[in-house]
Amino acid sequence: MRPALTLLLLLAACSDDAASTTDAADSTSLATTGDPSSSDSGEAPPTTTTSTTTTTDPSSSSTTTIDPPPVCPPIQPCEACTCDELGWVCDCPPLQPEAGFIDLEPVDFVVGEDPKAQARSSDPTRIFYSFRPADPDVSGPLFVLFNGGPGASTGTLMAFGTGPVRLTPEPEPNPGSWSALGDLLYIDARGTGFSYNLAADPDDPADLDTRLAAFGLHNYNSYLDAADFIRVLLRFVTAHPQLATRELVIVGESYGGVRATLMLAMLLRRAEYDTGGPGRYDDPALVDEIDAFLAARDPDLAWTAAEVAALFPRQILIQPTLGGEQRVLAGQLLDLPGSPVFQLAAELGLNFLPCSAQGPDCLPWQNAVNFVENSAARSRYDLKAANTWLANLFAAEKAGLSDLAKLEQILGLPPAEVPRLSAGTRDGAFRIVGPGSYPPDSGTIAQLGALPAWDRYYIPFLAESNNAIRSALADNVGIGPDDPHYLDLFLRNLVHVDTFITAAARDIAIYPPSIGPAIASHDAIVASVDAPPGALVVHYQPTAFPDDPVQDPGPRQIRFPAYDASHSVALDQPLALRDDLAAWLDEP
């Protein structure tokens, strides 16, 4: 793993000019709780300061100077800590598996590109998280993992390839568990997986119009979605001060690439998202929360993008959507002779008619997908699998995570112990519009209690979320998932954040050969992209960021390893992916 952060080492250094005589070992500690949403532990203990004391020997005129005791960073990892000249010295108990919900309050925000920006207020929601600590004697980063969709649960990453236990379909130890690399925090997006929406009045979900109104731009757009994840992450880490010194590595799959891009953009350049900022999202409360999180680590730092990147130094993107021309360029490549679509047609003895042989109204990517899924009956997500691949994956995910015994193995604790999961503890909860839109909960999870017709324990894919985030309104105001500006933000993040992207050979939903050309197409920022084996090297224009202090970032290399895998690389190649990540994380 990388050495400890220079920033945090500086925080741990002892001061020679502090101003109090109180020993830091007596300062109030932060208490770790299993419910970050209701914890007071986000308030850092008061910084202990010291002063130099001078005494005079009455029998002589000499004086003795007593050096001040050491001063430690504001965040005390646990109660079992003392402060010495090296910083906090702790005997903290090991972190344990944990799962629960974090309540997010309504937020006033403005979203969209001027002059079409929209002022909105979100509804409250309850976001599910699952935490699995690192293996014993492993001191690595905290990985923050999520799937995409939008509307997809993170259950596939949690239960099928990255956690200590995987479903095959029975629970078994995962030889490719990322817990060998660090701590794992899984988060379900608003309304999907185990997360659920909340009505202000517990009786409101019974009203159909209330449920219908919830699935709009005010609750479901790319920017608010990313802000949700930042709030959950910061509140979870704040409530677990033992994680305060961890590097935070964002891991996004599929549409999770857009979410990761927006999260890092907001964290690295938070001032752009305050009232009147130049971005497409104003959320002053989020900016205040990020400022408070950073100030708790060092109130004296300016927390520039480079300094924030010391906390968020890496991102891992599994078959990601990056926005821009990615899908258009994928279609153009798939239209060429020798592409995987032509190879599939030859294998099955079928004829694939590319758009180059059709009229100008033909859309190459959609044409390729239509051939694969309709003519060849294969999946866009896995060219070797039936066109029911995604439905089968969601069904396996729902079945496995709706079985209490299997879910206990995945979470590392009994589901009945998860606060606010069981019926009777989720007043105001709702998941869906009409009772017939999703099948009732099956499996033993129903033993947690009967739910109203508009609620479910687990939903692997929330179609209403996908429809809202991909809506015509979202596209019209410039925040649809394929908008080009997301790739601009990705390229600005790349200056500071080391990046790992998978290249799955059997996936055309996210066609890896299109990623390099999509990046290169943003030629106001990018001069060229090289593609040596297993990498993409981005060369920036000298004037890429005229308003940014980093005028010449130099070439930035993206790790880009290939896998014989479907869209879900962690499911198909868990050990190979984990080992590649271990090697990448070990690089200086």
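Reader: How many bridges join strand β16 to β20, and do the two run parallel or antiparallel?

Author: In this predicted model, strand β16 (residues 314-318) and β20 are joined by four bridges and run parallel.

Reader: Which other strand is joined to β20?

Author: Strand β24 (residues 556-559) is joined to β20 by two bridges, and these strands run parallel. Here Phe500 stands opposite Arg559 in β24.

Reader: Which way do the residues of strand β20 point?

Author: The general idea comes first. Side chains in a regular strand alternate between the two faces of the sheet. In strand β20 (residues 498-501), Asp498 and Phe500 point one way, while Thr499 and Ile501 point the other way. All of them are buried.

Reader: What is the order of the strands in the open sheet of three?

Author: The order is β7-β6-β15, and the pairing is antiparallel. The edge strands are β7 (118-121) and β15 (281-282), each of which pairs on one side only. Strand β6 (residues 108-111) is joined to β15 by two bridges. Across that pairing, Val111 stands opposite Tyr281 in β15.

Reader: Now a helix. Which residues of α12 are buried?

Author: An α-helix has 3.6 residues a turn, so residues three or four places apart point the same way. In helix α12 (residues 404-411), the buried residues are Leu404, Lys406, Leu407, Ile410 and Leu411. They are on the same side of α12 because they cover an arc of only 160 degrees around the axis.

Reader: What covers the buried residues of α12?

Author: The cover includes strands β5 (98-104), β8 (125-132), β10 (165-167) and β11 (171-173). Helices α2 (155-159) and α11 (389-401) are also included.

Reader: What is found at the N-terminal end of α12, and what follows the helix?

Author: Asp403 caps the N-terminal end: one of its side-chain oxygens lies 3.0 Å from the backbone nitrogen of Ala405. After α12 comes Gly412, with a positive phi near 85 degrees.

Reader: Is Arg578 buried or exposed?

Author: Buried here means a relative accessible area under 20%. Arg578 has 12%, so Arg578 is buried. This residue lies in helix α18 (residues 574-585).

Reader: Which residues does Arg578 touch?

Author: Leaving out residues up to four places away in sequence, Arg578 touches Pro175, Gly176, Ser177, Trp178, Ala180 and Leu181. A polar atom of the Arg578 side chain lies 3.0 Å from the backbone oxygen of Ser177.

Conventions: Residues numbered from 1 in each chain as written. Predicted model: local features only at pLDDT ≥ 70, side-chain atom pairs only at ≥ 80, totals over all residues. Heavy atoms only, no water. Buried < 20%, exposed > 50% of the residue type's maximum accessible area, 1.4 Å probe, protein only. Arc of directions from axis to C-beta. Contact = heavy atoms within 4.5 Å. Polar contact = N/O pair within 3.5 Å; in protein donor to acceptor, adjacent residues only side chain to side chain. Pairing = 2+ DSSP bridges.
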